[in-house]
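Please look through the sequence and the model below before reading on. The report then turns to the ligand, to charged pairs and to the backbone.

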Amino acid sequence: MQEIKVELAKTRKDKPADAVLGFGKYFTDHMFLMNYGLEQGWHSPRIVPYGPFELDPSSMVLHYAQEIFEGMKAYRTPGGSIQLFRPEENARRMNSSCERMCIPKLDEDLFVEAVRKLAELEADWVPRSEGTSLYIRPFIIATDASLGVHASHTYLFSIICSPVGSYYAEGINPVKIFVESEDVRAVRGGTGFTKCGGNYAGSIRAGERAERQGYSQVLWLDGVERKYIEEVGSMNVMFKVAGKVVTPALTGSVLPGITRKSCIELMRSWGLEVEERLITAQELFDAMENGTLEEAWGTGTAAVISPIGEMGWEDKKRVINGGKIGPVSQRLYDELTGIQWGRIGDPFGWTVKVK
Ligand SMILES: *Cc1c(COP(=O)(O)O)cnc(C)c1O
């Protein structure tokens with residue numbers, strides 16, 4: 001594995017108080033960089049002081065969005081050590097995004113070591129209050145100075161870190177989601193299974209519209225038949241119907257979430273039946289009508305588990321589980337956050353120690 005050089009920042013920023021952190025507003029003292037060139041491949045992995053990039057205005061990423069990213073966290077345990085959650089899964093998913101977006105793949109061990117080493121250097125930035133963490137954002141941009149539409153020959157891989165507040169500072173309040181019938185996020189054959197910025201650019205309009213109607217997230221339908229449930233905003237989605245858990249199958253247009261995968265593994269270990277299959281919006285609204293929809297929740301790194309208390313679709317509106325968090329969502333939240341923050345044992349070997 002290539003050696004990661006370190007250039008320390010000469011001055012250090014003041015750290016914000018945990019109470020004002022929010023999400024992605026503050027950045028730490030250092031960042032990771034690595035370049036790609038045709039001759040050298042990926043080279044010069046290094047940690048340097050955090051600061052702006054110099055980019056040619058014709059850089060490919062600015063025009064054709066050849067860009068991918070990842071999202072993960074470093075957690076402070078009660079004993080004061082710092083740990084990551086399944087970082088090798090992020091490395092693997094980043095390479096799957098690379099493949100789809102014609103970006104040269106990374107050494108997955110180097111990816112994990114870069115994240116670990118940066119988190120170790122920034123350990124003081126991992127906040128201490130309950131539910132807070134250090135959000136880690138690895139990303140790759142195409143840097144060729146050229147307006148021709150083709151795969152770039154040069155890339156920049158960077159990792160930045162941001163201390164983030166507790167998602168549930170005011171307690172776990174179930175969210176209202178709106179089934180989007182007009183805009184679509186992804187289609188099979190497209191880039192829905194990758195974490196690429198372009199997927200988000202096209203999703204903003206529906207999100208804004210839903211917010212104006214008092215909903216916090218959009219529930220996407222498949223792009224072809226506009227019938228099947230896909231995911232919510234930046235989360236995968238799960239439903240408990242008549243004692244069984246169902247979640248959309250990974251058909252190519254759904255992002256394969258690491259929280260999703262971990263939830264499925266956890267629930268199966270409890271003996272709960274979990275089905276990954278196609279689910280229509282009609283099936284869900286029928287289940288709400290006949291009282292068999294017991295719980296609904298989103299899964300993702302930022303919120304971990306986000307219970308869904310209300311769903312809107314066209315002119316229909318339905319409350320789920322009395323608008324309260326249900327027992328499976330609560331247990332998933334407790335066990336996953338317990339493992340991530342090191343409050344309970346890690347029987348699956350999911351955590352990786354930073355220091
Ligand atoms: C990142 C992401 C998720 C959740 O993935 P996790 O690995 O669980 O954080 C779900 N949907 C979309 C569109 C995403 O970008």
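Which atom of Ile-258 lies 2.8 Å from an oxygen atom of the ligand? It is a backbone N or O atom of Ile-258, and the pair is a polar contact, that is, a pair of N or O atoms within 3.5 Å. Taken alone, the ligand exposes 380 Å², of which the protein buries 96%, with accessible areas taken from the Shrake-Rupley method with a 1.4 Å probe.

This is a predicted model, in which local features need pLDDT of at least 70 and side-chain atom pairs count only at pLDDT 80 or more, while totals for chains, interfaces and linings use all residues. Residues are numbered from 1 along each chain as its sequence is written, and side-chain values use heavy atoms, with hydrogens and water left out.

The ligand is surrounded by 15 residues, the closest being Lys-195, Tyr-200, Glu-231, Thr-259 and Thr-301, where a residue counts as near if one of its heavy atoms lies within 4 Å.

| Residue | Ligand atom | Distance |
|---|---|---|
| Arg-93 | oxygen | 2.8 Å |
| Glu-231 | nitrogen | 2.5 Å |

Side chains of opposite charge can pair when their charged atoms come close. The structure holds 25 salt bridges, each defined as a side-chain nitrogen of Lys or Arg within 4 Å of a carboxyl oxygen of Asp or Glu. One of them joins Arg-209 to Glu-180, with the closest N and O atoms 3.1 Å apart. Because Arg-209 lies in helix 5 (residues 204-212) and Glu-180 in the loop between strand 9 (175-179) and helix 4 (197-201), this pair ties together parts that are 29 residues apart in sequence. Helices (H or I, at least four residues) and strands (E, at least two) are DSSP runs, numbered from the N terminus.

Finally, the backbone: Cys-102, although not a glycine, has a positive phi of about 60 degrees, and Cys-102 is placed in the loop between helix 2 (87-100) and helix 3 (108-121).

Definitions and conventions: A polar contact is a pair of N or O atoms within 3.5 Å; within protein, one must be able to donate a hydrogen and the other to accept it, and residues adjacent in sequence count only if both atoms are side-chain atoms.
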